[in-house]
Amino acid sequence: MEKSLRSIFLVILIAISAQATVTNSLERNQIWRVNAATDDQLQDLKDLQNTKTVEMWRYPQKVNEPILIHVPSEHIKFSENYLSDANITYKVTVENLDDVINQQKFRSKRAITNLDEFDYTVYHRLEEIQEWMNLMTDRFPFVSQQQIGLSYEGRPLNMLKIQKPSSGAPKPIIWIDALIHSGEWVTSASLMFIWKEILTKPQYSWIIDSLDWYIMPVLNVDGYVYSWTFNRFWRKTRSITGTSFCQGVDGNRNWDSHWSEASSPNTCSSTYHAAFAGSESEIRHLMRFITEQKEGIKAFITLHSYSQLILYPYCYARNTYTPDHDEQHQLAVNMSKAMYEVHQTVYTPAQGAKGLNCEDIFRYSFNINIKSMK
């Protein structure tokens with residue numbers, strides 16, 4: 001296909017694709033691993049992303065950097081022809097995405113009445129995660145539960161406070177949340193497993209002796225329910241955005257700090273920042289809670305998935321640094337080394353703006369994003 005003809009075809013496709021075409025039915029959808037070997041091929045992949053016929057789980061940025069793309073069944077033939085014309089090689093890594101999703105949704109249908117019976121090897125629906133939170137408060141007298149508000153659809157926004165009694169001065173508080181992006185199921189699963197280990201194994205008691213912890217396993221509760229019942233890859237909140245066909249806001253782009261600087265004004269974009277900062281009920285309630293606790297909270301950690309990164313501020317600007325930049329960088333390096341020692345898995349430490357393109361869509365591994373509280 002001639003370059004000019006391909007460009008014309010892409011314009012037509014963009015015009016008729018108002019939003020990303022990750023269909024609700026994933027039957028016969030596939031995952032491909034693709035690799036751009038030249039700068040021209042890299043541009044071809046960027047043009048393919050702009051057609052909205054496929055979903056790239058990482059925006060193509062570098063030559064010879066393999067990326068995974070989600071190819072809906074109705075666009076397989078077009079994508080095959082497009083990559084063939086561009087001389088881009090690919091490998092099908094998942095033949096039928098629906099089969100994988102169904103396996104992820106497998107779980108025990110037994111009521112959970114004992115913390116020891118909770119299965120950390122499978123994903124859990126929202127009500128089961130809430131049961132886990134209830135059981136944690138029942139088991140440990142120094143663990144309490146607090147509702148910080150309601151979601152857009154009226155669901156409670158619940159968190160756990162892990163505060164072991166201390167006779168001295170108030171201990172520093174660390175906040176950790178998961179699932180601000182509702183399709184990133186592994187973040188909540190990881191958070192619950194980590195805290196099961198910390199609270200049940202004596203060798204980790206020092207972690208709660210010297211610090212208080214506030215944890216929220218599911219921040220985007222509405223989106224998480226929707227990801228189980230309708231669209232496994234749903235990322236945003238479920239608020240009405242004023243259009244008839246695009247719903248929700250990227251909660252991670254809705255904060256009131258440098259709002260709209262690393263996001264999209266397009267309501268159909270996965271990084272849509274909303275009409276104003278703090279528009280989303282979930283983010284608004286959390287901003288209020290954090291502001292009220294700002295004297296005690298010394299670190300804010302949010303869990304994301306895909307790419308195996310440890311990110312620290314800032315994400316909105318590459319050459320703007322926090323006053324404690326060197327300290328945060330060294331902390332990230334130390335974390336990376338410690339995590340490598342366990343399973344020899346590499347987690348790259350980086351400033352957010354340099355470690356990723358803030359327009360990227362990240363999924364399904366485990367990232368740590370540290371927000372400065374200073």
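## Aromatic pairs

The predicted model contains 18 aromatic pairs, where rings of Phe, Tyr and Trp (its six-membered ring) pair if their centres lie within 6.5 Å, with planes under 30 degrees apart counted as stacked, over 60 as edge-to-face and the rest as tilted. W57 and F233 have ring centres 5.7 Å apart and planes at 40°, so this pair is tilted. W57 lies in the loop between β2 (55–56) and β3 (67–71), and F233 in the loop between α8 (221–229) and α9 (281–292), so the pair ties together parts 176 residues apart in sequence. Helices (H or I, at least four residues) and strands (E, at least two) are DSSP runs, numbered from the N terminus. W57 has 7% relative accessibility and counts as buried; F233 is buried at 5%. Buried means under 20% relative accessible area, exposed over 50%, and partly exposed in between (1.4 Å probe, protein chains only).

W185 and W228 form a stacked pair, 4.5 Å centre to centre with 5° between the planes. W185 lies in helix α6 and W228 in helix α8, so the pair ties together parts that are 43 residues apart in sequence. Both W185 and W228 are buried.

## Model and conventions

This is a predicted model, in which local features need pLDDT of at least 70 and side-chain atom pairs count only at pLDDT 80 or more, while totals for chains, interfaces and linings use all residues. Residues are numbered from 1 along each chain as its sequence is written, and side-chain values use heavy atoms, with hydrogens and water left out.

## Strand β8

Five of the five residues of strand β8 (residues 212–216) are buried, so the strand is largely enclosed by the rest of the structure. D212, Y214 and M216 are buried on one side, and W213 and I215 on the other.

Strands pair if DSSP finds at least two bridges between them. Strand β6 (residues 156–162) runs antiparallel to β8 and is joined to it by three bridges, with I162 opposite W213. Strand β7 (residues 173–178) pairs with β8 in the parallel sense over five bridges; there, I173 has D212 as its bridge partner.

## Nonpolar cores

A nonpolar core is a set of buried Ala, Val, Leu, Ile, Met, Phe, Trp, Tyr and Cys residues joined through side-chain atoms within 4.5 Å. In the largest, of 56 residues, W132, I162, W175, I176, W195 and L199 touch the most other members. Helix α6 (residues 185–200) supplies the largest share of this core, eight residues. A second, separate core of 17 residues includes L42, I67, I69 and I76.

W175 also belongs to one aromatic cluster with Y214, W255, F289 and F300.
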